[in-house]
Each structure stands twice: as structure tokens, then as C-alpha cells.
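Biologist: Could we go through this structure together, one part at a time?

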Amino acid sequence: MDSMLLLHLMSQIFPQKIRVIYIDHQLQSKSAGWGKLVAKQATRLNIPYIIKKVQVTDGNLEAQARQARYQAYLQHLQANEILVLAHHQQDQAETVVLRLLSGAGVDGLAAMQCIDHRVDMTIWRPFLDLTREQIAEWTTQLEIEYVVDPTNYDIHYDRAWSREELWPFLQKRFPKMQQALSRTSYLMQDASEILEEVLKVDLQNCGTDECLDLTQLLKLSSARQRQLLSVWMKGDGQYRPAFEMVERLKNEVIDSKSDAQAALHWNQFYYLRYQHHLYRLSRQVFLAEKLNPVETEMEHYFQLGEIVDCASGNFQITQKNMGLAASLLNKKLKIIRRQGGEKVHLYGRVGQWPLKKAIQEAHILPWLRHTIQILVIDNVMLGVFTPKGFWLAQSPYCEQGGWQPDLISYSCNLVNGEDGYDKCSK
């Protein structure tokens, strides 16, 4: 009823500027017939329409249907378009109650916004302050044809149970409950906006979207720590993590021993601590050593100016004040994977020392260390390819005006092994 009323009103207010999409979840035998009704009405109103069938996966039927619906919207929304939905005041009040019962915080109780700017779309809900009774009266006056979805009365579903069982019981005691709950959502939206402003400042002081400085984080109150971690984990996603997941991040990762290498997996990201910093890694970065193993050994003939693709990034062969002998150009050299236990005599330093120690002192992030490779000729170490650049080794092949591989881009997108450690510092 509310959607068909919305269709008719939009056709009057924005003629020639709207399109209609009917999502057929294929969960009921009559759903295709409902699509025909939408097509008939849209044709009569001279509105272009789309009938889109979707598949709903197993699990929470309401949540999966909603996800399938919004994915379908995204496929058809154009860059300059706004999605207009017919949610009304009772929908809003029900959402507040259901989220309250699920233990939601400020953002959850803010419920639906009239103008909802999301990362991937903008939604407008013009009916959000209208009661269902007002919509029904308007629909009757305009003689608008519509169908009733029987699942709206199936109390197996939480929202239908709330509408059919809980609502009459509460309204008998609190006649203005619906308006009060709707008002609560607006108050929570204000609170959410204020909280967001505070969190932006906290995030600027504590790090970036990929990395948090724990020294700065722990200066905040416990409440602000919890809120910052929650919104940081949410990132560009639509929903924040559950309270329990934020607590796990705090207890299992942040508060773990410094050498524990604990990691928490949530919503396609991995969260782990390195020294005094907390990182959020994509699956591709966290599992890069398994997903993209580095070759044990490869041969290469270097030439000035060329770009060499190594595991830790792209290196350009350039002339330096000090570098490798020109006689090594166009000569077969080997690039071998670091095995562990190697010692290196870095140019400009006294004596050999473990390569592992050099890596630790350079603060190369642990999940990038597998990309480190060694350049050799006849078992003589010439240098080391790392995410921090090429380290020239002391050898008989060093000379003034020689050449070196110069790091120009990184192999990883996250904190990039760039100065990831230093970038987070404030």
C-alpha cells in the first residue's frame, strides 16, 4: 500500500524524472503477479519500470532478503539518481524497538534517516513522518490499487510479530508510543551526529583508517576508546561490529602480550597489533605469504633505467653516488628468497649483523617480511630488496657512481610497508 501510494505521488510531483523497480524475491507463488500489477500501474502513469528477480540465500530470511534487495537497487541506480522508499512512521518505530531489543547503541537507535547518504547510494524516505493510518486514508481517497503481502502478518518474523503482537499491547497502555519512538530516533540521530564529530577528531589524533596509535588511543576515556574502535572497525561498511566484537579486539589483541602476535578476524578484515600500533589488514595482505608465495630463486639481467618487479615492490635501476659495479649490468644475477638466519654487512656500517635484526630496526611490518629478497652473484650478497627500499651490501662489487635498484612503488596497498609504522605516529 505505502509503495503504491509513493509511486502515484512521485509520478505527480516528478513526472518524466522517475523510474520504478519491483524486486521479486521469489519467496511466494504470487510474487510474479504482484510484479504485473506494478508494471500495469507504471505503464498507465507513463513511468519506465524494471522487474528484477533476486535469489535469497539461506540464513536470516529478513536480513538476506534486504541484502538481495539493496544489491539489486545498486545494479540499476545511476550516478545522479536517488532511491526513494516508502518507509513510514510505524516502520521507524518498529525499527527502534527491534534494535533496542538487539542491544543497539546510538547509531542503531537512530534508525532510518529521511535523507540517508551512504557510501554507495543516497536514499530519500518522504513518508517517514506519516502514520500508517494517514497512508491508508490517502490510498483509499485516490483509489489506488495494491496488494497485501501475507508475510506482513506472519509472526514467525520479528517485524511482523512486533506489529501484530507487541504493538497493540503497548499502544493500549501508551497511545502515543509510536510518535514517541519516532521522536527518539530523531534525538538519537542528533546524538549520533555529535558523536561522529567527536570521533573524527579522535581518529585524526590516533591514526588513520588502517592504523591506530595505541599510545594516543589509551589516553582517551574507556567510552571514547570503545566508540572509536567501533567506528574504526566499521570503516566504509554499513554496520558497526557488535559490542562483544569490540571487547574481543580490546582484550585479545590490544591487551595481549607484545610478542603474542594475536589477530582477530571480523567482516573480511584482520586486526592485529605490532608494537604500539593496531592495524587493519585485508585478507589479501594478511594471507599474502600463503596466497602469493615468493619464488625461491630467480635470475635477472639488470639494465639501467628498467623497472624490476620484485615481491616487495617495483624497483627502477638508477645510477647513484655509490652502488654496484657497471660490470654487473647485463650479467646474470640471482634474486633469492630470504630463508632466515642470514647475516648482512650493510654498506656504511661496521661488520656483519643478522638480517633479522636489520629488519626489526627498520620496523618492517611482520606481514610484509616474506617479500624480502636477496640479490647475489656467486654466493656474494650484493644487497637486499625490502618494502623500505634496496639495502646495498658491502662487497667487492661496490663502486662510486654505480647503480642500485630504487623503490618506486609498493606491492601491498595497506600501510604499504611504506612508512606504515611511522605514518601512524603523531
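Predicted model: local features only at pLDDT ≥ 70, side-chain atom pairs only at ≥ 80, totals over all residues.

Biologist: How do the axes of α1 and helix α2 cross?

Modeller: The axes of α1 and α2, the latter covering residues 31–44, come within 11 Å and cross at roughly 15°. Angles under 35 degrees count as roughly parallel, and α1 and α2 are therefore roughly parallel to each other. Their crossing is right-handed.

Biologist: Which residues in α1 meet α2?

Modeller: Met 4, Leu 7 and His 8 of α1 do; in α2 they meet Leu 37, Val 38, Gln 41 and Arg 44.

Biologist: Now to α4. How many residues has that helix?

Modeller: Helix α4 has 13 residues, 89–101. From first C-alpha to last, α4 reaches 19 Å, close to the 18 Å expected at 1.5 Å a residue.

Biologist: And which residues in α4 are buried?

Modeller: Among them are Gln 89, Asp 91, Ala 93, Val 96 and Val 97. The buried residues of α4 pack against α1, α5, α6, α7 and α8.

Biologist: What is the phi of Gly 103, which follows α4?

Modeller: The phi of Gly 103 is positive, near 85°.

Biologist: Let us change topic. What is the order of strands in the open sheet?

Modeller: The five strands have the order β10-β13-β16-β17-β18, with antiparallel pairing. The edge strands, β10 (297–301) and β18 (389–392), each pair on one side only. The twist averages 25° from one strand to the next.

Biologist: How many bridges join β17 to β18?

Modeller: Four bridges join these antiparallel strands.

Technical notes. Residues numbered from 1 in each chain as written. Heavy atoms only, no water. Pairing = 2+ DSSP bridges. Helix = DSSP H or I, 4+ residues; strand = E, 2+ residues; numbered from the N terminus. Axes fitted to C-alpha atoms, helices over the stretch in contact; angles between N-to-C directions. Expected span 1.5 Å × (residues − 1). Buried < 20%, exposed > 50% of the residue type's maximum accessible area, 1.4 Å probe, protein only. Contact = heavy atoms within 4.5 Å. Parallel < 35°, antiparallel > 145°, perpendicular 65-115°, else oblique. Left-handed = near helix turned anticlockwise from the far one by under 90°.
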